[in-house]
Amino acid sequence: MTVGPPPAELHLSDHPKMTTAPPGPNSRELLAAQSELEANTVAYPKKLPIALDSARGATIRDVDGNVYLDFFGGIGVANVGHSNPYVLEAAKTQQDDLVHTIDFPTEARVEFMEALDDIVPADLSGSSKVVFGGPTGTNAVEATIKLAKYNTGNDALVGFRGGYHGGTSGSLSLSAWSSYKSDYAPLLPDVVHAPYPYPFREDRSPEDSAERALEEIREIVAGKRSGIPEPAGIWVEPVQGSGGVVVPPEGFLSELAAIADENDVLLIADEIQTGIGRTGEWFASDHHEFTPDAITLGKAVGGIGLPLSATVFDESLDTWGPSAHAGTFRGHVPAMVAGTRAIEYIKEYNLLERAVELGAYLEDRLREAADGNPFLGEVRGQGALVGAEFVTTEGVPDGDYVSEVQRRCLNKGVIVWSGGVEGNVLRLLPPLVMTDEQARVGMDIVVDTVEAVAADRTA
Ligand SMILES: Cc1ncc(COP(=O)(O)O)c(C=O)c1O
């Protein structure tokens with residue numbers, strides 16, 4: 001199979017197409033059955049009350065026949081589009097042959113690791129090692145905690161305020177979302193959260209915001225008064241995604257890397273949301289002059305949503321032995337095939353460039369919606385990871401505004417998501433295969449909706 005079909009041919013026709021107000025009768029039935037059977041932890045359908053039937057490219061059909069434009073992309077999973085046939089066909093073929101191998105070698109496994117080595121940030125490429133531990137992003141973060149502790153002999157961990165790294169104990173310890181943690185304390189001891197530069201929220205210039213954060217990090221890592229023993233590593237999202245699409249000022253990450261280096265502490269870039277082309281480079285770290293010691297991968301790395309996560313790190317850190325990090329599902333082979341194919345597809349159709357183009361368009365349109373809107377505080381982003389932060393006229397984070405935009409957009413056939421600890425950032429991360437026309441039609445709806453909510457608030 002040649003690398004195709006091209007992005008324009010991946011989508012369901014007729015979109016958006018609303019035949020019934022969501023949730024339609026079939027959705028209601030499935031939502032009710034779900035809430036009867038599944039735990040209260042179910043979250044997404046509470047915001048977007050629909051049951052799903054199928055999805056192609058940047059389009060999703062619900063069980064009532066409504067077709068939506070997808071600006072959500074499975075929170076950064078569907079970078080090459082839902083059910084991309086080039087990726088899907090290969091995964092299906094692999095499934096016929098072999099699915100589970102724990103960590104026995106297969107051609108697919110080796111090919112996938114070679115494909116990753118080719119695209120990882122500069123100094124890792126050619127000297128990378130991969131560890132697979134479990135199918136979801138948080139598993140990759142847990143692996144890095146062990147890697148950092150093992151290699152440094154230290155125990156303390158440094159994360160960032162607003163950071164999100166996953167829902168298992170170690171990752172949750174590193175995450176700063178207090179409400180997600182409060183019922184489960186104590187988690188890991190000796191974890192400290194430094195400020196992540198957030199110029200808008202701090203009302204400082206990007207330079208001042210970065211300098212303030214770096215000062216604190218120096219104090220935490222090298223100071224004697226931080227209250228923690230010596231740290232094993234610093235975990236940073238090169239763009240805080242769930243935290244509200246917070247993009248660090250230029251120079252911040254390279255200075256952070258210098259601090260880590262001077263203090264023999266590992267720097268781990270969590271690329272689970274930003275990786276595999278989302279921000280217009282293979283990894284968001286590539287936008288900066290530094291190479292992390294390790295990166296974590298999840299979400300889009302399995303091509304079309306097949307379960308896979310991985311940790312890629314410098315070979316000098318490969319000091320541990322067999323089963324130092326273990327797991328039954330140490331790499332799902334069809335997901336690895338899908339991952340390799342997704343990388344090929346991104347290369348073939350220049351989807352890195354597309355991410356930049358698409359993201360710039362989304363940001364422009366949101367800025368249009370910000371014009372004269374007292375509630376839209378800031379539009380920001382990197383590549384096709386875009387955020388618009390909403391606040392009240394008193395400057396208080398306004399999550400209700402975003403929920404209202406989300407609800408109204410859904411009714412008009414556009415799926416958007418939120419971000420930020422207070423849920424007050426409209427977060428857009430569409431499949432990179434979204435066409436110009438889809439982006440235009442979808443953003444017409446988003447912009448109209450943002451303006452309509454503002455008009456209602458000021459009426
Ligand atoms: C940056 C980052 N790290 C880790 C995770 C956790 O990944 P998963 O939900 O697949 O466990 C997420 C999920 O949103 C994430 O955005």
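**Close-up views of the domain interface and the nonpolar cores**

View 1. 32 residues of domain 1 are in contact (heavy atoms within 4.5 Å) with 30 residues of domain 2. This is a predicted model in which local features need pLDDT of at least 70 and side-chain atom pairs count only at pLDDT 80 or more, while totals for chains, interfaces and linings use all residues. Residues are numbered from 1 along each chain as its sequence is written, and side-chain values use heavy atoms, with hydrogens and water left out. Domain 1 covers 7-70 + 350-458 and domain 2 covers 85-348, with bounds from an automatic or database domain assignment. About 2,300 Å² is buried between them, 60% of it on carbon and sulfur atoms; this is the accessible area (1.4 Å probe) that the two parts lose on being put together, summed over both.

**View 2. Salt bridges between the domains.** Two salt bridges are counted between domain 1 and domain 2; the term requires a side-chain nitrogen of Lys or Arg within 4 Å of a carboxyl oxygen of Asp or Glu. A salt bridge joins the side chains of E389 and R201 (2.9 Å, N to O).

**View 3. The largest nonpolar core.** This core has 38 residues, of which V80, L116, F283, I295 and Y345 touch the most other members. Such a core is a set of buried (under 20% relative accessible area, 1.4 Å probe, protein chains only) Ala, Val, Leu, Ile, Met, Phe, Trp, Tyr and Cys residues joined through side-chain atoms within 4.5 Å. A second, separate core of 30 residues includes F375, V402, L426 and V447.

Methods:
Buried < 20%, exposed > 50% of the residue type's maximum accessible area, 1.4 Å probe, protein only.
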